[in-house]
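The stops below are given in the order in which to select them.

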Amino acid sequence: MEHRKTYNAKEIKTPKGNLIIEGPISAQKLADLEFHKDLVAFRPPEQQKKALIEIAGLPEGRIIIARYRDTIVGYVTFVYPDPLERWSEGKMENLIELGAIEVIPEFRSTGTGKNLIKVSMMDDAMEDYIIITTEYYWHWDLKGTGLNVWEYRKIMEKMMNAGGLIWYATDDPEISSHPANCLMAKIGKRVDLDAIQKFDRLRFMNRFMY
């Protein structure tokens, strides 16, 4: 499958200053930009920047960033699912995962996350994919935001809805382990029925075991 990538950008005004939301960004451009020290949700900033550069270099990899001047203050990643997760078991070329989204505390509640997802979906090539995201409450910054799991889940859901992702049922054990966890997905307009049925089988693998 050919992974076409078309750059899009949008400027948004926030109380903390204007941001450029742009991407997909090349590995080289990412390397040239500063990575904000508060981007610590997944790993230390230097390591996370390195991980994003690697993703940007993958054929299917996409990184959309929120940039304040020359500093990355937020990002969203799209990449094939982790080989250890069930979503990779179908070996589907047209299934990609919104793997991580992060915005520094200073720019939260400004619509930055929502706009990262909107700009991601501005590329027409996204209509060739089934895009999934798996939301696990243990990844959420409940302490930093002071929200409970259900309040945070509502925010995540609204943010994903901005890009056309909606809730899908699944019997995946990790997702089923807590009621706030969820699978969300967007099925592109050009995805064929065969791929949709394959995705349905991945969602409900356990029902074939009894």
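Helices (H or I, at least four residues) and strands (E, at least two) are DSSP runs here, numbered from the N terminus. This is a predicted model, in which local features need pLDDT of at least 70 and side-chain atom pairs count only at pLDDT 80 or more, while totals for chains, interfaces and linings use all residues. Residues are numbered from 1 along each chain as its sequence is written, and side-chain values use heavy atoms, with hydrogens and water left out.

**Arginine 62**

Select arginine 62, which is in strand 4. Arginine 62 counts as buried, at 2% relative accessibility. Buried means under 20% relative accessible area, exposed over 50%, and partly exposed in between (1.4 Å probe, protein chains only).

Now show its polar contacts. A polar contact is a pair of N or O atoms within 3.5 Å; within protein, one must be able to donate a hydrogen and the other to accept it, and residues adjacent in sequence count only if both atoms are side-chain atoms. The side chain of arginine 62 pairs in this way with the side chain of aspartate 123, at 2.9 Å. A polar atom of the arginine 62 side chain also lies 2.6 Å from the backbone oxygen of arginine 4.

Leaving out residues up to four places away in sequence, arginine 62 touches residues including Pro24, Ile55, Phe78, Met126 and Tyr129.

**Proline 24**

Go next to proline 24, one of those neighbours. Proline 24 is in the loop between strand 2 and helix 1 (27–32). The peptide bond joining glycine 23 and proline 24 is cis, with omega about -5 degrees.

**Helix 3**

Select residues 112–120, which form helix 3. Of its 9 residues, 7 are buried: Thr112, Gly113, Asn115, Leu116, Ile117, Val119 and Ser120. Show what covers these buried residues: strand 1 (8–14), strand 2 (17–23), strand 4 (62–68), strand 5, strand 6 and helix 5 are included.

**The largest pocket**

Which residues lie closest to the centre of the largest pocket? A pocket, on a 1 Å grid over the protein atoms alone, is an open set of points where a 1.4 Å probe fits, with protein on both sides within 12 Å along at least five of seven lines; lining residues have an atom within 4 Å of a point. The largest pocket has a volume of about 1400 Å³. Of its 47 lining residues, Phe42, Ala100, Ile101, Glu102 and Met156 are the closest to the centre.

Colour the lining by element: strand 6 (95–103) gives the most, with 7 residues. Helix 2 (45–56), strand 5 (71–79), helix 3, strand 7 (130–135) and helix 5 (149–161) are among the elements that each supply at least two.

**Two loop residues**

Move to lysine 91, in the loop between strand 5 and strand 6. Lysine 91 has a positive phi of about 45 degrees although it is not a glycine, and is exposed, with a relative accessible area of 71%.

Then select serine 109, in the loop between strand 6 and helix 3. Its phi is also positive, near 60 degrees, and serine 109 is exposed at 82% relative accessible area.

**Arginine 201**

End at arginine 201, in helix 7 (residues 193–203). Arginine 201 is partly exposed, with a relative accessible area of 42%. Its C-alpha atom is separated by 37 Å from that of proline 45, 156 residues apart along the chain.

Technical notes: Grid points are joined across faces, edges and corners, and a volume is the space filled by probe spheres set on the points. Contact means heavy atoms within 4.5 Å.
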